[in-house]
Amino acid sequence: MTAQAATSLGVELGVLAADVDDSAAGATRGIVVGSTESREELEAFAAGRDVVTFDHELVPREHLLALEDAGHVLRPGADALRHGQDKGHQRRRLDELGLPVPAHRLAHGVEDVEAVAAEHGWPVVLKATRGGYDGRGVWVISDAGAGRAVLERAGAEGVELLAEEHVDLVRELAVLVARRPGGEAVTYPAIETVQRAGVLRELVVPARTGVGLAAEARELALQIAEEIDAVGILAVELFETGAGLLVNELALRPHNSGHFSIEGAVCSQFENHVRAVLDLPLGETAPTAPVAVTVNILGAGAEPARGLGDALAVPGAHVHLYGKAHRPGRKLGHVTVLGREVEEARGRAHRAAAALSGATIGAAA
Ligand SMILES: Nc1ncnc2c1ncn2[C@@H]1O[C@H](COP(=O)(O)OP(=O)(O)OP(=O)(O)O)[C@@H](O)[C@H]1O
Ligand SMILES: [Mg+2]
């Protein structure tokens, strides 16, 4: 989707991908096969390019620092990216800034899990500080024995864990910021995110929360972008609680919560990411409709393309398929529907997504 935006602007985009069939291959000829684990392959890829940017967190920090030392322009830079790579670092930094985060501590042993439980009660959440996504790397622990089991497995794999309070959520929100190197920044409207089993399933924009809280969320996200010197898109994942907002996670790249913006905002997160990292004027983030609903297509039964006819028969359904190999539970695409009213847009988006997931139409609505 970033490649589609780059192409429209006449920007030549290269993608360092694990293989030639990477889903970006459907959108750009600029695929370079290589590994982000290899310093040499990263160097070769970066050579001669104006700017290097990212759509995941997995490039090892030592390689990022080496690229910067060699004079390559990374946007965002290695030190900003670290906030999306290491949840321990992110929590420490936000603590230092006095910004609200769930109560947490590094979990060296079961006594750390018990200490969080003593103060905040069970369950306690254990999460890997690095490498997790889609809820892999997050465990909700209901007693010390379960905590010990997770700690043992993590210890064997050399994974560092955070122990934190299980937050009583009213809902989850996300705010996207697009920021240029000089500090100019814009935010998109507050997004309501709905996760099931740790996986983002659905977005509702604007979030069904108070106007004041939505404004506060946007201010908080702008402040974080400034403090950590984010460049490009920064996604700030937030928990709304009865007592206000907590920051859950930061992602320094186009984010699943921003997929609505392709049709639902004047300028999409993908185009604004390209504009921001090239230090070009940012696009308008204003909504194009009163409501946008996006539903992720997760692999279920058949290949998504088999449901294309049924999905496109749903009025107003904007279908995006990523060209990824089908696997149960994998995010294979999304559907966005714009409208005047949430429930109608939701119903349509779910109908189209269900057709593409291989499920019976209407089953997920
Ligand atoms: N402390 C907590 N209290 C309650 N729920 C939580 C807590 N931490 C995480 N969760 C739930 O688990 C989901 C995934 O957690 P988190 O975003 O930390 O992990 P992730 O796997 O890195 O996610 P992503 O796919 O966004 O990268 C959250 O969106 C939320 O629904
Ligand atoms: Mg998350």
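Author: Buried means under 20% relative accessible area, exposed over 50%, and partly exposed in between, with a 1.4 Å probe and protein chains only. The model is a predicted one, in which local features need pLDDT of at least 70, side-chain atom pairs count only at pLDDT 80 or more, and totals for chains, interfaces and linings use all residues. Residues are numbered from 1 along each chain as its sequence is written, chains are lettered from A and ligands numbered from 1 in the order in which they are written, and side-chain values use heavy atoms, with hydrogens and water left out.

Reader: Is N296 buried or exposed?
Author: N296 is placed in strand β13, residues 291-298; helices (H or I, at least four residues) and strands (E, at least two) are DSSP runs, numbered from the N terminus. The relative accessible area of N296 is 5%, so this residue is buried.

Reader: With which side chain does the side chain of N296 make a polar contact?
Author: A polar contact is a pair of N or O atoms within 3.5 Å; within protein, one must be able to donate a hydrogen and the other to accept it, and residues adjacent in sequence count only if both atoms are side-chain atoms. A polar atom of the N296 side chain lies 2.6 Å from the backbone oxygen of L200. The side-chain partner, at 2.9 Å, is N256.

Reader: Which residues does V342 contact, leaving aside neighbours within four places in sequence?
Author: V342 belongs to helix α12, residues 342-357, and is buried because its relative accessibility is 16%. Contact means heavy atoms within 4.5 Å. On that criterion the partners of V342 are V204, R208, V291 and V293.

Reader: Which residues come nearest to ligand 1?
Author: A residue is near a molecule or strand if one of its heavy atoms lies within 4 Å of it. Strands β4 (124-128), β6 (161-165), β11 (232-241) and β12 (244-251) each supply at least two residues of the shell. Of the 18 residues around ligand 1, those that come nearest are K87, D134, G135, E172 and E249.

Reader: How many charged residues does the shell around ligand 1 have?
Author: Ala, Val, Leu, Ile, Met, Phe, Trp, Tyr, Cys and Pro count as nonpolar, Asp, Glu, Lys and Arg as charged, and the others, Gly among them, as polar. The shell has five nonpolar and five polar residues, and its charged residues number eight.

Reader: How much of ligand 1 does the protein bury?
Author: An oxygen atom of ligand 1 lies 2.6 Å from a backbone N or O atom of D134, and a nitrogen atom of the ligand is 2.9 Å from a side-chain N or O atom of E164. The side chain of N248 has an N or O atom 3.0 Å from an oxygen atom of ligand 1. Taken alone, ligand 1 exposes 620 Å², of which the protein buries 89%. Such accessible areas come from the Shrake-Rupley method with a 1.4 Å probe, and for residues only the protein chains shown count as cover; the buried share of ligand 1 is 89%.

Reader: What is the phi of D134?
Author: Most residues other than glycine have a negative phi, and most peptide bonds are trans. D134 lies in the loop between β4 and β5 (138-141) and is partly exposed because its relative accessibility is 24%. D134 is not a glycine, yet its phi is positive, at about 50°.

Reader: Why is the pair of Y188 and F260 edge-to-face?
Author: Rings of Phe, Tyr and Trp (its six-membered ring) pair if their centres lie within 6.5 Å; planes under 30 degrees apart count as stacked, over 60 as edge-to-face and the rest as tilted. A search of the whole structure finds one aromatic pair. The ring centres of Y188 and F260 are 6.4 Å apart, and the pair is edge-to-face because the planes stand at 90°.
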